[in-house]
Amino acid sequence: MKQEKLDKNLVNDNVNEVIENKEEQPEKITQKDINKSFLRWWIDVEVASSYERMQGIPFCYSMIPILKKLYKKKEDLSYALKNHLNFFNTQGTWGCPIHGMTIAMEEELHDSDREMRENAITGIKTGLMGPLAGIGDTIDWGTLKTIIAGIAVTFGATGSILGAIIPFAFTIITFFIAKYLWNMGYKLGKESVKSILQSGWINELISGTAILGLFMMGALASSYVKLSIPITFTVGGTQMAVQSILDSIAPGLLPLGVVFGIYYILKNKTQKYGLISIAIVVLSIIGAIIGLF
């Protein structure tokens with residue numbers, strides 16, 4: 001009787017131990033988890049930024065669905081979350097491979113030494129957030145948004161409702177770019193960004209979009225920067241207009257000079273956009289009063 005009771009207790013203990021071990025086993029990361037993590041980042045990236053951690057809190061928030069599946073012990077989960085609260089700052093769209101790679105590394109190294117795992121993941125995040133931010137700022141803010149805004153302004157100036165709708169294309173395009181890069185980072189692991197940077201196609205993309213951006217800015221400058229000089233003078237009984245002389249040299253010479261002049265000031269003197277805008281308005285008013293413009 002006693003032996004049966006001991007055997008029964010032993011079986012129960014073994015069953016409980018198996019159940020506890022099973023509960024502590026990490027779950028498999030699914031595509032649904034990766035999508036949930038991405039949406040958290042996309043929605044929150046610029047909401048919870050701070051000067052102390054920048055995007056550290058949004059990064060940690062995006063990793064919660066992943067870490068909860070990998071770390072079943074409270075202390076392990078807490079440690080992993082704290083690691084991702086460190087300073088982090090990159091471009092919200094083109095920095096997404098870092099997140100995908102981090103998920104892959106957490107999945108691969110979750111049962112390894114804590115310090116080794118932390119150093120490896122922090123090293124990847126720290127080393128890549130700057131270069132990818134530079135790429136993203138150049139493509140998204142420096143080129144893509146400028147082109148889309150220029151197209152929207154062109155339609156808006158004609159009174160078309162497309163002028164108000166087209167700017168949303170920027171959000172839609174960057175959303176799908178970010179989602180693709182996020183998944184690519186996860187699938188390719190830590191070699192993903194290295195292969196992208198070494199392949200050279202990023203440089204080609206930046207060069208191509210920069211050229212297209214210059215075409216767009218040139219077209220916008222010639223269409224929307226208006227400047228003419230109404231001054232006339234008489235030579236040998238013939239009335240000559242200054243603007244006609246300038247147009248005979250190169251049509252749109254004055255607007256072009258204004259654009260290059262402002263570009264020179266921005267590049268070499270100051271980037272105080274408010275001050276430059278006020279100076280342009282003041283000079284325009286004075287020039288109109290004295291009859292120069």
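**Entry 1: isoleucine 231**

I began with isoleucine 231, which counts as partly exposed because its relative accessibility is 37%. Partly exposed lies between buried (under 20% relative accessible area) and exposed (over 50%), with a 1.4 Å probe and protein chains only. I found isoleucine 231 in the loop between helix H10 (201-224) and strand E1 (232-235). Helices (H or I, at least four residues) and strands (E, at least two) are DSSP runs, numbered from the N terminus.

I noted what I was looking at: a predicted model, where local features need pLDDT of at least 70, side-chain atom pairs count only at pLDDT 80 or more, and totals for chains, interfaces and linings use all residues. Residues are numbered from 1 along each chain as its sequence is written, and side-chain values use heavy atoms, with hydrogens and water left out.

**Entry 2: the whole chain**

I counted 13 helices and two strands. The chain has 293 residues, and 30% of them count as buried. Its accessible surface comes to about 18,400 Å². Carbon and sulfur atoms hold 64% of that surface. I then looked up contacts (heavy atoms within 4.5 Å). Among those between residues at least 6 apart in sequence, 70% join residues at least 24 apart.

**Entry 3: H5 and H6**

How do helix H5 and helix H6 pack? I read an angle of about 170° between H5 (residues 96-109) and H6 (residues 114-157), with their axes 10 Å apart. H5 is therefore roughly antiparallel to H6, a label for angles over 145 degrees. On the H5 side, the contact is made by Pro97, Ile98, Met101, Thr102, Met105, Glu106 and Leu109. The H6 side includes Met116, Arg117, Ala120, Ile121 and Ile124.

**Entry 4: serine 37**

Is serine 37 buried or exposed? I found serine 37 buried, since its relative accessible area is 0%. Serine 37 sits in helix H2 (residues 31-44). Leaving out residues up to four places away in sequence, serine 37 touches Ser62, Met63, Ile66, Ile103 and Trp182.

**Entry 5: tyrosine 180**

I turned to helix H8 (residues 168-188), where tyrosine 180 is found. Tyrosine 180 counts as exposed, because its relative accessibility is 56%. I also checked its C-alpha atom against that of threonine 93.

Conventions
Axes fitted to C-alpha atoms, helices over the stretch in contact; angles between N-to-C directions. Parallel < 35°, antiparallel > 145°, perpendicular 65-115°, else oblique. Areas by Shrake-Rupley, 256 points an atom, 1.4 Å probe, with all protein chains shown as cover.
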